[in-house]
Amino acid sequence: MNNFEKNYWSFYLDFLDDFKGLTYDGYSIPYFCVCFSIIHSAPAVWKNLYNEKLIRQSKNQVNDKKQVQAKLYKYIHGHRKKPLDKNKHGKVVLHTDSHLRFPKEALNNYFNPSKTMLLSNAKINTQQNKNHPVKKKKKKASVRLKNTISVKGKSFKEKQQMKAKKTKRPQNIPIDYLYNYSTNTEKAVKKVQNKAKIMFRSYPKHPLYSNKHFQRNFLTQIHQIVDHIERVKNFLKKVPVSCIVISHGHSINRVLAIVAAENGIPTICMQHGVINSQLGYFPQVATIDAVYGKFERDWFIKNGAHKNAVKIIGHPKFDQIFKGPIKSRSVFNKKLGLDTNKKTLMLAVRENYDLEKWRRLIKYIANRCDVNILIKDYPGRRNSPLLKEFPFVHSTKDLHLYDVLPNVDAVASYPSTVGLEAMLADKPAFILCEQISGKKDIKKWLEDFYSNRSLIGDPGYSGYYNGLNELVQSDPIKLGKLIINYLSDNNWIGYAKKTRDNFLSNAYPDFEMSGKRLNRLINRLTS
């Protein structure tokens with residue numbers, strides 16, 4: 001563990017201890033806080049966590065994350081009903097936040113609409129009195145998740161084409177909203193917040209608690225947590241539930257996991273992306289964490305998770321990759337205006353992060369290799385400044401990633417899930433990444449963190465892509481040379497394939513449909 005991790009987790013345990021008396025309905029509020037987001041928006045606190053002397057001010061001295069996992073397990077087990085119930089007649093609830101991303105095919109093939117419910121934490125459009133929420137009558141709704149398509153409104157010809165492809169009509173899985181289960185919590189929230197303010201005064205010089213950003217963000221989360229607890233409790237009282245599937249272990253999902261455990265209901269946490277940075281996936285709070293491969297299973301167990309609480313399931317969204325391209329290469333090239341006589345390289349970027357690195361990579365490759373270059377920005381972003389700088393670079397526009405990958409020859413990415421998805425699509429992935437560990441490296445990274453934030457240099461990087469060996473580079477020029485070698489030298493194709501296959505044997509060892517594996521796990525927990 002580096003200084004940042006030691007400081008962060010040490011003060012996190014202090015936070016759980018110092019504010020454990022801040023409770024609502026028997027639940028200790030700090031255990032539900034997203035501490036990372038509280039600190040992340042407080043620059044002074046964030047920077048101070050890299051100070052190697054800071055840990056001297058902490059009551060807890062964390063040198064191994066097992067200490068953190070053990071603390072969370074103790075709290076969760078104190079609320080867990082033993083043994084967990086097997087409610088055969090209850091609903092399998094899928095909490096459909098922005099990270100779950102189950103494709104309609106998985107819902108059609110593996111979830112019976114009479115035994116399944118979608119649950120959303122999104123606000124619903126309903127007129128309401130501020131102090132007395134009006135519950136909107138619940139309706140059954142067709143599944144309309146990311147990457148789904150609606151049959152309604154299509155022409156007869158299009159419907160026939162869908163039938164020819166044996167595409168099943170989306171099932172009418174009912175959807176419900178946690179907002180329907182709201183109660184007036186204003187007095188309770190104010191009471192807890194006032195107690196927190198009094199507790200803040202007890203730590204006038206504390207490096208975290210005395211910070212105004214920290215205090216403001218904590219008070220905001222108190223309001224959210226109390227509302228979440230109340231809504232989840234009311235939901236579980238009124239709806240018979242056999243199992244809940246969530247996408248991560250923070251915020252509303254943590255409330256769902258712990259309150260469900262208290263009611264004897266098992267939960268499954270789907271891995272929503274590769275573990276590139278360690279703070280977003282830890283600690284383990286669900287009954288089972290469904291992970292991609294051996295890397296994550298070993299990582300969780302190494303950090304204190306129980307062996308029987310981590311299962312290799314993959315993710316149903318990846319099942320789509322194995323179906324092959326929907327668009328032909330010629331149609332794809334025509335839509336994006338690509339030269340059909342050239343090979344195509346896709347760059348996966350995220351907004352304005354690491355622009356200078358990507359700029360140098362594009363210039364190097366463009367000056368030495370005649371290749372189409374595509375930019376795939378983060379979902380919802382299409383106007384990368386790199387597109388304006390380099391007129392010869394093309395955007396993937398509104399095409400879904402899984403329609404793009406089969407039609408490119410190589411992919412370069414920051415340490416994101418796109419790298420894994422490219423390899424599952426049988427494409428080589430070149431990763432622009434920098435592991436920062438030494439004092440000088442951390443100091444240099446800190447100097448421009450807030451002016452030039454980086455996704456390729458992270459002191460908390462897990463080492464996920466290290467198994468790709470030299471296909472991972474921190475220098476864009478070195479990475480550019482490797483990409484050019486692959487695109488122009490047939491001998492490199494075999495090397496890249498072998499490297500990819502070795503990596504996947506650890507990262508995604510089971511190519512059986514993930515939806516089928518998840519369905520078996522749910523059946524085991526509920527029947």
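Ground rules, noted before going on. This is a predicted model, in which local features need pLDDT of at least 70 and side-chain atom pairs count only at pLDDT 80 or more, while totals for chains, interfaces and linings use all residues. Residues are numbered from 1 along each chain as its sequence is written, and side-chain values use heavy atoms, with hydrogens and water left out.

I looked up how helix H18 (residues 476-488) and helix H19 (residues 490-507) cross, and their axes come within 6 Å at roughly 110°. Helices here are DSSP runs of H or I with at least four residues, strands are runs of E with at least two, and numbering starts at the N terminus. Axes are lines fitted to C-alpha atoms, for helices over the stretch in contact, and angles run from 0 to 180 degrees between N-to-C directions. The two helices are therefore roughly perpendicular, a label for 65 to 115 degrees; under 35 is roughly parallel, over 145 roughly antiparallel and the rest oblique.

**Entry: the six-stranded sheet**

I traced an open sheet of six strands in the order S12-S11-S10-S13-S14-S17, with parallel pairing. Two strands pair if DSSP finds at least two bridges between them. S12 and strand S17 (472-473) are the edge strands, each pairing on one side only. Helix H13 packs on this sheet and touches S10, S11, S12, strand S13 (410-413) and strand S14 (429-432), with its direction about 170° from that of S10. H18 packs on the sheet too, touching S10, S13, S14 and S17, and its direction makes about 170° with that of S14.

Is S11 mostly covered or mostly open? I found five of the five residues of S11 (372-376) buried, where buried means under 20% relative accessible area, exposed over 50% and partly exposed in between (1.4 Å probe, protein chains only). In a regular strand the side chains alternate between the two faces of the sheet. In S11, Asn-372, Leu-374 and Lys-376 point one way and Ile-373 and Ile-375 the other, and all are buried.

Strand S10 (residues 344-348) pairs with S11 in the parallel sense over five bridges, and Ala-348 stands opposite Lys-376. S11 also runs parallel to strand S12 (residues 393-395), joined by three bridges, with Val-393 as the partner of Ile-373.

I then followed the chain from S10 through helix H13 (residues 355-366) to S11, which together make a right-handed β-α-β unit. Right-handed means that, with the strands pointing away from the viewer, the path from the first strand over the helix to the second runs clockwise. The buried residues of H13 include Trp-358, Arg-359 and Tyr-364.

**Entry: the seven-stranded sheet**

I found another open sheet with parallel pairing, its seven strands in the order S5-S4-S3-S6-S7-S8-S9. Strand S5 (175-177) and strand S9 (310-312) are its edges, each pairing on one side only. Neighbouring strands of this sheet are turned by 25° against each other on average, direction ignored. S3 and strand S4 (residues 116-120) pair in the parallel sense over four bridges, and Leu-119 in S4 is the bridge partner of His-95. Helix H20 (residues 514-526) lies across S3, strand S6 (241-246), S7, S8 and S9, at about 160° to S7.

Most residues other than glycine have a negative phi, and most peptide bonds are trans. I looked for departures. Asp-25 has a positive phi near 55°; Asp-25 sits in the loop between strand S1 (23-24) and strand S2 (27-28) and is partly exposed at 43%. Arg-101 has a positive phi of about 55° as well, in the loop between strand S3 (91-95) and helix H5 (104-110). A cis peptide bond, omega about 0°, joins Phe-282 and Pro-283.

**Entry: Leu-49**

Leu-49 counts as buried because its relative accessibility is 0%. The C-alpha atoms of Leu-49 and Asn-3 are 7.4 Å apart, though 46 residues separate them along the chain.

Key: Contact means heavy atoms within 4.5 Å.
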